[in-house]
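Morning, everyone. I have one structure to show today, and I will keep it brief.

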Amino acid sequence: MKVNGTHYRSLWWNAQDDVLEIIDQRSLPYEFITQQVKTLEDFEDAIVEMRVRGAPLIGATAAYGMALALKLDASDAHMDAAWERLNETRPTAINLRWALNRCREAMRPLPEAERAAAALQLAHDIADEDVEICRQIGEHGLKLIREIAAKKPAGEPVRLLTHCNAGWIATVDWGTATSPMYHAHDAGIPLHVWVDETRPRNQGALTSWELGSHGVPHTYVTDNAGGHLMQHGQVDMVIVGTDRTTRRGDVCNKIGTYLKALAAHDNGVPFYVALPSPTIDWTVDDGVAEIPIEERSPRETTHIQGTMEDGSIGVVQVTPEGTPGGNPAFDVTPNRLVTGLITERGVCEATPEGLAALFPEMAGA
Ligand code: MRU
């Protein structure tokens, strides 16, 4: 997508310097800073510190990390060590392990001399595939938005609500939850998006930055506003992303997603999840019981970053000194609260049968 008129992906290969470039998302939406990721420590730091974030982007970044590791030393032992180090960086988004496994399984049979080049090509392929998956999710989601628009008086906007940032910067391009929004906006369907702030890290500010850059009308609301908006008929559809969805369709996503799903269920608002297939964990059924939920630093709850009145970026403390903070970063929405899953192969029910019908080769694995 575009930033100040220039098309960017959230990461790209700099062939001249032979290095990966990323957008440092910790500086967004205040400053647009790019960064070169040169060492395995840089890769670990980029994921742990959330310079790159969002499940698909974490996976693509890890694939480039494996490529770098194999360029330094293509032995099995070094590959396994890099796998372990990168796999430790964040626990919840399954795309990380999916990308690491894909790299390792593809490289293991190759002679060591071929591994570095093959791993780099695989990382490029994973990035390109992610763009195409997200584009296809956008096309399938567009059909759902079109159906809602067709039932409204001409010119009245379709009102969407989203949580966290499942936008182009959380993927390689397009985003998952935002891709249908971009497609609908580009197709001339009037839209309005309620953007949840998504405390504690306020990824909603990233979504607002993205939507604003693309000209999509939106309003940034507190996390607690969604239920009220739904009760008053202000939301036609919820679309969120996911960090891991189980084979029966339980959806793990940013903390607070579950509460939005409950409110949507109570108010008869369709609740859709944009789901790229690498985000499906085919080894897990019960998301609440089985998905590890990242517990992040309490400082994220007691402090908040933003632009100060003098224009500088600053951090302020919002609680009394010494207040203990608790910070589970994700929650699980049971499949019974999910109206449908928007995948690259189409929309399905959040059930084992629904997912198996779209991905028979995975469901039988
Ligand atoms: O902690 P984050 O910012 O990495 O969490 C991101 C989310 O929860 C997104 O909604 C999810 O990864 C889907 S991104 C397309």
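I will start with the ground rules, go on to the ligand site, and end with the backbone.

This is a predicted model, where local features need pLDDT of at least 70, side-chain atom pairs count only at pLDDT 80 or more, and totals for chains, interfaces and linings use all residues. Residues are numbered from 1 along each chain as its sequence is written, and side-chain values use heavy atoms, with hydrogens and water left out.

Ligand site, then. The shell around the ligand holds 19 residues, a residue being near if one of its heavy atoms lies within 4 Å. Coming nearest are Arg-53, Arg-90, Asp-243, Asn-253 and Lys-254.

What is the make-up of the shell by class? Seven residues are nonpolar, eight polar and four charged. Ala, Val, Leu, Ile, Met, Phe, Trp, Tyr, Cys and Pro count as nonpolar; Asp, Glu, Lys and Arg as charged; the others, Gly among them, as polar.

Now the polar contacts, meaning pairs of N or O atoms within 3.5 Å. Asp-243 has a polar side-chain atom 2.7 Å from a ligand oxygen. For Lys-254, a side-chain N or O atom is 2.7 Å from an oxygen of the ligand. For Arg-90, the corresponding distance is 2.8 Å.

How much of the ligand does the protein cover? On its own the ligand has 410 Å² of accessible area, and the protein covers 99% of that. Areas come from Shrake-Rupley with a 1.4 Å probe.

The ligand sits in the largest cavity. A cavity is a set of points, on a 1 Å grid over the protein atoms alone, where a 1.4 Å probe fits but cannot get out. To sit there, more than half of a molecule's atoms must lie within 2 Å of the grid points.

Which elements supply the shell? Helix 2 (55–72) and strand 11 (251–254) each give at least two residues. These are DSSP runs: helices are H or I, at least four residues, and strands are E, at least two, numbered from the N terminus. Domain 1 (2–129) and domain 2 (138–363) each give at least three residues.

Last, the backbone. Leu-28 and Pro-29 are joined by a cis peptide bond, omega about 5 degrees. Pro-29 is in the loop between strand 4 (19–23) and strand 5 (34–37). Arg-199 to Pro-200 is also cis, with omega near 10 degrees. Met-50, in the loop between helix 1 (40–48) and helix 2, has a positive phi near 65 degrees.

How values were computed. Polar contact = N/O pair within 3.5 Å; in protein donor to acceptor, adjacent residues only side chain to side chain. 1 Å grid on protein atoms, 1.4 Å probe; cavity = no way out; pocket = protein on both sides within 12 Å on 5 of 7 lines; lining within 4 Å. Domains from an automatic or database assignment.
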